[in-house]
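Student: I would like to go through the terms used for this structure and ask what stands behind each one.

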Amino acid sequence: MDIKEYNGTALAYMGDAVMSMLVRKKLLAQGYQQSRVLQKKSEAWVSAKHRQLF
């Protein structure tokens with residue numbers, strides 16, 4: 001399927017997945033390893049509420 005055929009919602013969904021992966025990679029690189037901590041920190045970074053602060 002050509003990317004031009006995707007609607008905005010589908011593209012946003014894919015963008016969220018990419019953002020989530022990058023955030024998780026960064027948290028692991030910073031040394032976080034406990035799943036509880038990783039989940040809490042990654043949620044804070046990828047939530048729409050947090051992104052509006054930038």
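Student: Where is Gln39 found?

Tutor: In this predicted model, Gln39 sits in helix H2.

Student: Why is Gln39 called partly exposed?

Tutor: Its relative accessible area is 39%. Buried means under 20% and exposed means over 50%. The value for Gln39 falls in between, so Gln39 counts as partly exposed.

Student: What makes the link between the side chains of Gln39 and Glu43 a polar contact?

Tutor: The distance is 2.7 Å, and the cut-off for a pair of N or O atoms is within 3.5 Å. The side chains of Gln39 and Glu43 are therefore joined by a polar contact.

Student: How far is Gln39 from Arg24, in sequence and in space?

Tutor: They are 15 residues apart in sequence, and their C-alpha atoms are 8.8 Å apart.

Student: How do you know whether Ser42 is buried or exposed?

Tutor: Ser42, also in helix H2, has a relative accessible area of 8%. Buried means under 20%, so Ser42 is buried.

Student: Which residues touch Ser42, if neighbours within four places in sequence are left aside?

Tutor: Ser42 is then in contact with Val23, Arg24 and Leu27. A polar atom of the Ser42 side chain also lies 3.1 Å from the backbone oxygen of Gln39.

Student: What about Trp45: why is it called partly exposed?

Tutor: Trp45 belongs to helix H2 and has 37% relative accessibility. That value lies between the limits of 20% and 50%, so Trp45 counts as partly exposed. From C-alpha to C-alpha, Trp45 is 7.0 Å from Val23, although the two are 22 residues apart in sequence.

Student: What is used to describe two packed helices?

Tutor: The angle between their axes and the distance between the axes. For helix H1 (residues 8-29) and helix H2 (residues 35-46), the angle is about 135° and the axes are 10 Å apart.

Student: Which residues of H1 meet H2?

Tutor: Met19, Ser20, Val23, Arg24, Leu27 and Leu28 in H1 meet Leu38, Lys41, Ser42, Trp45 and Val46 in H2. The residues of this contact comprise seven nonpolar, two polar and two charged.

Student: How many helices and strands does the protein chain have?

Tutor: The protein chain has three helices and zero strands. Of its 54 residues, 9% are buried.

Notes. Residues are numbered from 1 along each chain as its sequence is written. This is a predicted model: local features need pLDDT of at least 70, side-chain atom pairs count only at pLDDT 80 or more; totals for chains, interfaces and linings use all residues. Side-chain values use heavy atoms; hydrogens and water are left out. Axes are lines fitted to C-alpha atoms, for helices over the stretch in contact, and angles run from 0 to 180 degrees between N-to-C directions. Helices (H or I, at least four residues) and strands (E, at least two) are DSSP runs, numbered from the N terminus. Contact means heavy atoms within 4.5 Å. Ala, Val, Leu, Ile, Met, Phe, Trp, Tyr, Cys and Pro count as nonpolar, Asp, Glu, Lys and Arg as charged, and the others, Gly among them, as polar. Buried means under 20% relative accessible area, exposed over 50%, partly exposed in between (1.4 Å probe, protein chains only). A polar contact is a pair of N or O atoms within 3.5 Å; within protein, one must be able to donate a hydrogen and the other to accept it, and residues adjacent in sequence count only if both atoms are side-chain atoms.
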